[in-house]
Amino acid sequence: MERVTLDRDALEQLRKRMVAGGAEKYHNANAAKGKLFARERVALLVDEGSFVEDGVYANAMAEGLPADGVITGTAAVDGRPVALMANDSTVKAGSWGARTVEKIIRIIERAYATGVPMVYLVDSAGARITDQVDLFPGRRGAGKIFWNQVRASGSIPQACALFGPSAAGGAYIPAFCDVVAMVDGNASMYLGSDRMVEMVTGEKTTLEEMGGAKVHCTDSGVGHFLCKSDAEAIETVRRYLSYLPSNWEQQPPSAEAKPAGKGDLAALVPPTERQAFDMRRYIKALVDDGSFFETQALFAKELTTGFARLNGEVVGVVANNSFFKGGVLFVDSADKAARFVQLCDAFNVPLLFLSDVPGFMVGTAVEKQGIIRHGAKMITAISEATVPKVCVVVRKAYGAGLYAMAGPGFEPDATIALPTAKIAVMGAEAAVNAVYANKIAAIADEAERAAFVAARRAEYETDIDIVRLASELVIDTITQPEQLRDELIARYAAARTKDRSFSRRRHGVTPV
């Protein structure tokens, strides 16, 4: 084979061809959908001038496959190093060839080896069926991507922004990430296309109905953030990374301390537990102003999760929200909590539990869904979490809900009760009915019956009095709402150097 020598101009022309992406018609089609070119996405994500690309000449000898449809390299985000990949959907719809796969494998391996976050900018139609033997089954085939993601999980942050399809096996790239930001109207994830689904099952559907951004951010929980544009998805990833260390051996980055957000913590909690309130308002009034960054806001809304700062230091918040379904824990909310707690524990983010929980949901439907198994998964995650963790009983912690919110038996660094707090196996009304149901039914006079019930409820409330629980050392302190923020800041500072060993083993058997 004759050796080809490139002069400076020829090499420059080749590079221009490699970075230009696919044909102009594909660029125009993407622009019509509001989609940015892959290299524009990279430029939005990283600090100006910091991107160093690898494999730009991949498949340079082939026609119409510049960089083999994927951009990989290293850069800085807010001055901190990251590794990244970005599918170029102007090149065969961002599909994977053998070199595409190899480039993705190599950049994940580099991120893991150097201990920096890995960012995936995904917009891909999946594997090129014509190249399946080269890219699919081998030791460095597509499966190696997922193996590397699993190995890196909990070692380095992995964040995905999804701008278009993530089809078939490729759908697992987002699934193995810590968080996924999806662009509404363009992003989708699915194992089989709508045509394949109809052929296999007879079901007629659309990609949007089956795997669109709203579906995954609201129903399945695979998506974490529903975004309006490519730019918003990229900014979401940037903000996520700002709360995380570069790897599991580092501490989350501190920021300038700010005063608490607006809101009266005492006034935000209604006087009766029958009245719902939005815990998100409470969180925002407790933490540094503007610092609350909610995750999975549209999924399992009865439980609120997210990152925030207290006096400039990062915390992960897990809070029951009675504004939705009374704050009762369901299958999805248990899963949501388990994943978020594991994420925080992996990256040294202290946990704050704000409890206002009636317990886990009961009934035939949830038992068939495996509520016991999913609840056990949540409690397992909380048990295994060794980061500093504080349980604040804002209003109530009933039944196994107390356990699920890192109650006293789960090694919290403190259990704090507000004056409004109640801790019990169940609420007074349910308890009185459970114990005295037959006697209540036997009282014919309505007024006498009401008086009997009221008396029994008063006895029960006395039995679970929060001062009694403090005197028995069930809780560590009773704190006024206006003092809670300072109390938390001091507690987390004291727990910063705690021993984080947990159990003599390789790993537990998670009840998934």
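This is a predicted model: local features need pLDDT of at least 70, side-chain atom pairs count only at pLDDT 80 or more; totals for chains, interfaces and linings use all residues.
Residues are numbered from 1 along each chain as its sequence is written, and side-chain values use heavy atoms, with hydrogens and water left out.

Thr295 touches, among others, His224, Phe307 and Phe340, not counting residues up to four places away in sequence, where contact means heavy atoms within 4.5 Å.

Phe307 is also listed, with Leu45, Tyr240, Leu351 and Met378, among the residues with the most contacts inside the largest nonpolar core, a core being a set of buried Ala, Val, Leu, Ile, Met, Phe, Trp, Tyr and Cys residues joined through side-chain atoms within 4.5 Å. Helix α14 (residues 331-346) gives the largest share of this core, 8 residues. Another core lies apart from it, and its members include Ile105 and Ala152.

| Core | Residues |
|---|---|
| Largest nonpolar core | 71 residues |
| Another core | 30 residues, among them Ile105, Ala142, Ala152 and Ile173 |

Tyr240 touches Ala159, Asp178, Val179, Phe293, Phe307 and Leu343, not counting residues up to four places away in sequence.

Note on methods: Buried means under 20% relative accessible area, exposed over 50%, partly exposed in between (1.4 Å probe, protein chains only). Helices (H or I, at least four residues) and strands (E, at least two) are DSSP runs, numbered from the N terminus.
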